[in-house]
Amino acid sequence: MKLPEPIYFNDYRPCDYTVTSCLLEFIIDNGSTRVDNVMEIKRQNPNAKELRLDGEMMDLELLWVNDELFSEEMFVKEENALILPFDADEGRIRVITRLYPDENTALEGLYRSGGIWCTQNEPEGFRRITYFIDRPDVMTRFTTKIIANKALCPILLGNGNLVGTATLENGKHLAIWEDPIPKPSYLFALVAGDLGSIHDMFITMSGKKVELAIYCDRGNEDKCHHAMRSLKKAMSWDEEVYGREYDLEVYNIVAVDSFNMGAMENKGLNIFNSHYVLADETSATDSDFMGIESVIAHEYFHNWTGNRITCRNWFELTLKEGLTVFRDQCFSADMNSQLIGRIDDVKSLRERQFVEDAGPTAHPIKPDHFIEINNFYTATIYEKGAEVIRMLYTLLGREKFRLAMDTYFEHFDGQAVGTEEFLWAMQTQSPLDLTQFKRWYSQERTPTLKISNVYDATAQTMTLTIAQSIPKDTQGREQLPYAMPMAIRLLDTKGMDIQLKSSNATMIHEGIVWIDQAVTAIIFEEVHEIPTLSLNRHFSAPVKIEYESQDYPFLMAHESDGFNRYEAAQVFGIETLEQMIQGHEIDPRFVAAYGAILSDSSLEPMFKAELLGLPTINTLMQRQESLDVEAIHRALETLKKHLASHYKVILLGQIESLYEPFNSEIDTVSMAQRALKNRCLGLLMSLEDEVISQMCKTHYEESVNMTSRLAALDLLENYAPALAGEALNNFYQKHCHETLIMNKYFALRASSRCEGTLQKVKELQNDPVFDSKVPNLVRALYGSFARNMVAFHHDSGEGYEFMADKVIEMDTLNPQIASGLSGAFKSYGKLSPLSKAKMGIELERIKNHPNLSNNVYEIIVKILMTL
């Protein structure tokens with residue numbers, strides 16, 4: 001196999017040519033689709049004489065340059081491109097290609113999902129539709145004509161505004177869509193099929209009417225209303241917070257089952273994974289509803305941060321994704337709870353991005369090279385990118401951040417730019433120079449702040465020392481100290497804030513200091529008693545904190561910053577579990593602090609549910625030098641049983657007061673009550689008590705909302721197998737014709753921590769509902785098993801062998817999904833020698849498989865290079 005070559009950021013050059021306009025005609029038939037593409041070309045480099053058009057995996061039928069029909073000897077056809085002589089400042093190219101959407105299992109370009117023809121072009125799918133300069137810095141005005149059988153495809157959708165329709169002979173019809181706003185080819189979209197829909201209207205702040213529509217498989221229309229409400233909320237929020245108004249006459253969303261990503265922000269025609277659109281109270285969990293609201297908003301916000309201003313090249317991906325994630329996080333917090341939103345954001349960052357940053361595939365938020373760009377749609381680019389934006393927001397403050405964003409929009413609207421342009425806009429309002437801050441874009445891995453403090457009773461000062469510990473990068477190279485905001489408070493013995501006074505600290509706002517040295521010593525004056533430190537409040541910087549003198553029980557009881565109160569409970573839980581793994585008894589102070597939270601009736605139920613959540617297996621795995629998943633699992637179950645036994649009466653009382661089986665509302669109060677009720681039930685079920693297990697089964701049978709039913713079913717599967725069989729069969733029989741719900745079923749079964757889970761997964765892949773060509777089902781079954789640390793890391797090594805088989809199998813169908821499954825092996829470097837040897841055999845087997853895709857090859861080679 002020819003080894004793939006990396007692409008480097010330093011090799012980027014502006015394109016020699018651009019496409020000013022593109023007229024596309026699609027003739028969709030059952031077996032194939034004919035694409036007629038007419039491009040107006042403009043030369044940007046006067047010395048350029050050859051034009052390269054990207055294209056792959058399609059048939060080239062005809063080619064004209066300036067109305068001259070080219071024969072094969074007049075151009076060079078490579079595997080992935082056409083090379084044409086083009087020595088002119090302007091010209092026209094027409095190219096006709098033929099596609100086979102039914103055969104496109106990779107789901108890039110134009111493909112068929114059930115009875116729907118649709119596209120996915122980010123990052124490089126458009127080159128599978130037609131020959132084009134397929135790069136994000138080529139901004140083009142697109143007009144699209146779609147022709148199809150009217151009975152088969154009554155709905156024909158494209159980017160922009162609908163400018164014409166017509167009925168044709170032979171039962172066909174056409175629609176013409178025109179997008180007046182230039183965009184890169186990755187934002188091109190097309191949908192054709194027999195779809196149901198719901199419709200609404202939004203009036204912008206200037207009084208313009210925008211027609212809104214959400215399309216889906218017929219019969220699912222009633223499940224689109226939450227998504228429509230979320231869209232209208234997002235449109236209003238972007239006007240109120242950023243002053244950004246929508247710019248077209250229509251905004252369409254289409255939900256499809258087969259989609260590699262969560263959603264795609266194509267201009268005026270968003271295409272969504274149906275998981276992030278379809279929901280009602282009987283089919284979706286509370287977290288599903290929250291996720292839909294967030295993703296609908298994310299894709300809408302891209303209209304300005306991604307579409308109107310896009311990234312110059314794919315190395316700059318975080319320019320649009322990190323910024324837009326930050327915006328959708330702020331929106332979700334404003335719509336729901338600031339505190340719970342922040343806790344959820346940081347949990348996700350730590351579970352996904354911190355793991356990535358510590359592993360073999362670590363990369364900066366602005367990588368300097370890649371083999372396959374699809375591998376860089378990562379938690380680092382998105383979530384860590386959002387944290388970097390949040391630090392800028394903290395530095396500037398709300399008003400100046402808005403002014404800097406206004407500057408960004410005003411200067412770069414309609415352009416493809418980079419992070420340097422964004423940082424320039426931020427610098428216009430920043431009180432500090434951002435040169436050192438830019439290291440967040442170019443360096444990888446997660447820094448650790450090592451904290452120490454000394455109190456001087458005579459001088460009434462406290463000296464706080466913050467030392468940055470910066471890990472080496474994946475190549476073993478040293479990295480430099482960062483600049484960051486750090487939210488700090490000193491608390492007195494009652495938990496009240498002590499006013500901060502310091503003559504040597506760079507205090508950017510009240511309680512927020514600027515850290516930019518390898519070692520920073522801050523002297524706080526007029527401190528009249530030994531204080532308790534409250535560090536990195538609200539998670540002001542994406543770092544790890546090491547501080548050995550922290551009084552976690554005090555912070556769990558008195559900390560005024562909600563996030564740090566949660567953090568204290570988590571860290572105290574981690575330390576307790578790590579002591580148990582080493583053979584020590586359960587820390588009675590943690591048990592007492594846990595009970596105090598459980599008994600505190602003043603706490604909001606959702607916040608209490610978060611405080612009572614124990615650290616996860618993944619969290620504890622991150623802290624181990626050599627993984628021992630079984631020891632972690634054993635310690636967690638032991639601690640659960642101890643807490644459940646100790647507080648059984650209180651837990652039962654909480655459940656009784658919170659249990660509302662016929663409540664399916666998705667308001668804040670109802671969701672909070674369910675979250676706390678399920679947390680308490682989860683603890684009690686660890687006792688494997690027959691009466692409690694029967695109560696759990698009753699919760700499954702009586703509850704009308706999916707959140708409670710699924711939580712009960714999961715607990716039965718893991719703690720009461722004798723009762724689980726009947727409930728699982730009931731769930732399957734009731735929902736086996738509903739793909740979205742069956743995703744939950746497959747995920748639940750594959751996530752089971754019981755013995756024999758791998759065998760169940762093997763059986764389920766032969767279930768008539770399962771289809772390896774549908775990414776959601778693959779992620780639900782194989783992906784959930786890969787994230788099931790207990791089953792995947794079973795001593796037999798069979799989990800490694802099974803997942804290697806699935807990576808190889810999926811790579812022939814959908815390399816992007818196969819690459820995602822390959823991430824299961826990223827813990828390779830931390831395994832015991834025996835487990836590492838077993839996993840190593842499977843990694844080598846994948847790497848040496850014939851015709852391995854670049855997607856999988858890049859991930860597997862990086863893992864094998866782990867020291």
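## Burial, cores and a helix pair

With a relative accessibility of 12%, Leu174 counts as buried, where buried means under 20% relative accessible area, exposed over 50% and partly exposed in between (1.4 Å probe, protein chains only). The model is predicted, so local features need pLDDT of at least 70 and side-chain atom pairs count only at pLDDT 80 or more, while totals for chains, interfaces and linings use all residues. Residues are numbered from 1 along each chain as its sequence is written, and side-chain values use heavy atoms, with hydrogens and water left out.

Leu174 sits in strand S15 (residues 172-178); helices (H or I, at least four residues) and strands (E, at least two) are DSSP runs, numbered from the N terminus. Leaving aside neighbours within four places in sequence, Leu174 is in contact (heavy atoms within 4.5 Å) with Lys145, Ile146, Ile147, Leu156, Gly164, Thr165, Ala166 and Leu168. Glu478, in the loop between strand S26 (461-469) and strand S27 (484-491), counts as exposed at 62% relative accessibility.

Here are two C-alpha separations for these residues.

| Pair | Apart along the chain | C-alpha separation |
|---|---|---|
| Leu174 and Asp134 | 40 residues | 26 Å |
| Glu478 and Ser197 | 281 residues | 55 Å |

Now to the cores. A nonpolar core is a set of buried Ala, Val, Leu, Ile, Met, Phe, Trp, Tyr and Cys residues joined through side-chain atoms within 4.5 Å. The largest one has 167 residues, and Ile93, Tyr408 and Phe422 have the most contacts inside it. Helix H5 (residues 379-396) supplies the largest share of this core, 9 residues. Apart from it lies another core of 121 residues, among them Leu349, Leu643, Tyr700 and Ala824. Phe422 is also one of the buried residues of helix H7 (residues 419-427). The buried residues of H7 pack against helix H3 (317-335), H5, helix H6 (398-412), strand S24 (416-417) and helix H8 (439-442).

Finally, a helix pair. Helix H1 (residues 225-242) and helix H2 (residues 286-301) pack at about 45°, with their axes 9 Å apart. Axes are lines fitted to C-alpha atoms, for helices over the stretch in contact, and angles run from 0 to 180 degrees between N-to-C directions. H1 is therefore oblique to H2: angles under 35 degrees count as roughly parallel, over 145 as roughly antiparallel, 65 to 115 as roughly perpendicular and the rest as oblique. Among the residues that meet are Leu231 and Trp237 in H1, and Phe289 and Ile296 in H2.
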